[in-house]
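Morning, everyone. I'll talk about helix packing, then about a pocket.

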Amino acid sequence: MTPQFNIQRIGNFIYRDITLLKGTIITTLSVAGGLLFIFFLFGLRKDHLLTPDEFVSIFTKFYIIIGLLLTFSIFKEAQNKKANHFYFALPVSAYEKTVAIWLTTSILYTIVFTVFAYLVGQLAIITGSVLSETNFHFLSIFSESYWELINGYFFIQPLFLLGAITFSKNRIGKTLLLTMFIIFGLFMFNFILFAILNYDIYDFFSEEQDTNACSLALEDFSPMGRWLFGIVLGPVMMIAAYFKIIEKEV
């Protein structure tokens, strides 16, 4: 292992992971493509139009699940007690491994799966125009809801990295529990902070509290809450995953 940062090593490590998972990736995309195609055809039934919101609604289900599975597949070698010493002996630093895996499971995955889903959606539109009353149209996918989804995934994905490298058994289940626990904890912190700072306005703790106060607190995620959410689920989880890889190497 070498402590220096080298972009070429990161690229080689990404290429290595993709090569080793090539069969799994092809199989997963084939199954996902078939299911996406069916869901998109169903989306064309009523108005014979696949809107950006309909696309994102269907896309989200597959994007999150496959992203989670991809992250755990990449760390499968590291969790194999019989062969993981080869993995950790590779001439790539823990920092480079962390960056390479994040780039693969976030940036590269998002680009590839977005293009793939777009092509499948366009194929569904073409099929619908041939077999039904659907008018041919080009699919528009870059809506506000799409970018919100991508932004949210980028922040929550480091939690998947941490869970994949930390847990050796029942990894997905434990990671999902950890994710829900952290998100709930951050939400409650923001809720309590909102209640304290707005005590005089909404009188939260009185017997005659405004019935809208709680709903307003639930809807309002203050700037401090958003920053805390982003920092904890982003950089902090990435750093934790980095130190976990160092711990495994030792």
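How do α3 and α6 lie relative to each other? This is a predicted model, so take the numbers as computed from it. The axes of α3 and α6 cross at roughly 15°. An angle under 35 degrees counts as roughly parallel. Therefore α3 and α6 are roughly parallel to each other. Their axes come within 10 Å. The crossing is right-handed.

Now look at who touches whom. From α3, the contact includes Val56, Phe59, Tyr63 and Ile64. From α6, it includes Leu149, Tyr153, Phe154 and Phe160. By class, this contact has 14 nonpolar residues, 6 polar and 1 charged.

Next pair: α2 and α5. Here the axes come within 9 Å and cross at roughly 45°. That angle makes the two helices oblique, therefore, to each other. α2 passes α5 in a right-handed crossing. On the α2 side, find Leu29, Leu36, Phe37 and Phe40, among others. On the α5 side, find residues including Phe113, Phe116, Val120 and Leu123. The classes here are 12 nonpolar, 4 polar and no charged residues.

Last stop, the largest pocket. It holds about 380 Å³ of space. Which elements give two or more residues to its lining? They are α1, α2, α3 and α5. The lining has 18 residues, and Ile25, Leu29, Ile66, Leu70 and Tyr109 lie nearest the centre. By class, 13 are nonpolar, 4 polar and 1 charged. Notice Leu29: it lines this pocket, and it also takes part in the contact of α2 with α5.

How values were computed:
Residues numbered from 1 in each chain as written. Predicted model: local features only at pLDDT ≥ 70, side-chain atom pairs only at ≥ 80, totals over all residues. Heavy atoms only, no water. 1 Å grid on protein atoms, 1.4 Å probe; cavity = no way out; pocket = protein on both sides within 12 Å on 5 of 7 lines; lining within 4 Å. Points joined across faces, edges and corners; volume = space filled by probe spheres on them. Helix = DSSP H or I, 4+ residues; strand = E, 2+ residues; numbered from the N terminus. Nonpolar A, V, L, I, M, F, W, Y, C, P; charged D, E, K, R; others polar. Axes fitted to C-alpha atoms, helices over the stretch in contact; angles between N-to-C directions. Parallel < 35°, antiparallel > 145°, perpendicular 65-115°, else oblique. Left-handed = near helix turned anticlockwise from the far one by under 90°. Contact = heavy atoms within 4.5 Å.
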